[in-house]
Amino acid sequence: MPKEFITERQGLNMMVLFIIGSTLVVGVTDAAKQDSWLSVILAIIMALPMLMLYARIVHLFPGQDIFMVIHRVFGRIVGKVLSLFFVWYAFHLGVLVIRNFSEFLSEISLTETPQYLIQLVVVILGVWMVKGSIEVLGRWTSFVFNIVLVIIIGICLMAFTETNFANFTPMLYGGFRPVIDGAYSIFSFPLAETIIFTAVLSFLKPGANSYKVYNRGLWIGGGILLAITLGNIGVLGYPFLSTQYYPSYITVSLIDLGTFFRRFEILVAVVFLLCGLVKVSICLFCTANGLAKIFNTHDYRVLLAPVALLNVSLALFIYPSMQAMFEWVNVYRYYAIPFQILLPLLIWICAEAKLRLSKTGAIEKD
Amino acid sequence: MILIMTLVYGLFLLLDFIPIYRGKNRKITWLYLSLFILSYSMTVLIGFGVNLPSPAPLIKSIITSLGIF
């Protein structure tokens, strides 16, 4: 299989769309209520060292994805077990995003369409794109990124006209604890989910910088999350915002420019469709790539279709209802700790130790 | 649902699996078929109205038992 490459810019675009993927419609946590925007800023600061750690793992072994790194650092048996953990995480994340996708569409427009059909369409598109190679995904993301950016900037500007600044007060009424609590939720969903990119950024062109991709991706993606959160609080305000499952969609539906320009909420749906597709495709890629490495096969593409179909099957019964899906967010922030914090830390420490020992000649170089 | 899903799975077999089968890589063929059959079985069971156990409550109970939620 010929080596595929993505540019630094394509990697960055993929990361930004991945970050805003499902968060755009599901919204960030409302633990801090009107101070949620502070939680977003704090979450970006909290995520920065973690994302730099992910970038370091990519940087230590250029051209090798997380599965190859794990294999190289921990050996064959332990490496396969640890890789399985990451494969499960990528697979499960894909399932969650697919279900978010189908629930959202069933709720807002395709109310009579069975969810499995929506899910099938999404994964078939994802399989088609990733089968084309990661380069196709990179090029497509670059094309879509500009459209998404224009729509989001437009929405934020329009939301500004409907903003009630009194919605941001009183500030820090509940103290700092809810802000920190909310920040951790935003850290785990969606910022630290970018651990998945340790399997993608190995395809960066030689000479490209993984730190730049992670750093800029975090600031741009986090900035967009901040703008969306500010818009939602400004337009809807609390406690009304807490009662909405899809706050951004409701926010945009309230925008009414001169009683002539209205019903912009379809734009939110379009952005979610585009970003969601990118997120699903990346999760599919990561799962198939990890499985291929575990089973010592060269081509991940052959495994894309069965993985995608398994995604749909699990997405059908992962949650009994939409309420359960939103309640899962509270569980997810703890569930994700081993995958987003503990395992990357362990891999990083062992990788650094192995590299240093191999440099000093204490262990044989691979 | 079962009919539509069977049609989709059949199309995947025709368009995706047959070239892989012809590639004569037995490991990939078996891995593909295992995932495929697992997925199709789950879909058919859901189609017949069987309540399959979701991993979400299990994960939640593990986290609860650790006392952090």
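Visitor: Is Ile77(A) buried or exposed?

Guide: This is a predicted model, in which local features need pLDDT of at least 70, side-chain atom pairs count only at pLDDT 80 or more, and totals for chains, interfaces and linings use all residues. Residues are numbered from 1 along each chain as its sequence is written, chains are lettered from A and ligands numbered from 1 in the order in which they are written, and side-chain values use heavy atoms, with hydrogens and water left out. Buried means under 20% relative accessible area, exposed over 50%, and partly exposed in between (1.4 Å probe, protein chains only). The relative accessible area of Ile77(A) is 63%, so Ile77(A) is exposed.

Visitor: In which helix does Ile77(A) lie?

Guide: Helices are DSSP runs (H or I, at least four residues), numbered from the N terminus. For Ile77(A), the run covers residues 76-108 of chain A and is helix H5.

Visitor: How are H5(A) and H13(A) oriented to each other?

Guide: Axes are lines fitted to C-alpha atoms, for helices over the stretch in contact, and angles run from 0 to 180 degrees between N-to-C directions. H5(A) packs against helix H13 (residues 322-335) of chain A at about 150 degrees, with the axes 11 Å apart. Angles under 35 degrees count as roughly parallel, over 145 as roughly antiparallel, 65 to 115 as roughly perpendicular and the rest as oblique. H5(A) and H13(A) are therefore roughly antiparallel.

Visitor: Is Glu265(A) buried or exposed?

Guide: Glu265(A) belongs to helix H11 (residues 265-294) of chain A. Its relative accessibility is 4%, so Glu265(A) counts as buried.

Technical notes. Helix = DSSP H or I, 4+ residues; strand = E, 2+ residues; numbered from the N terminus.
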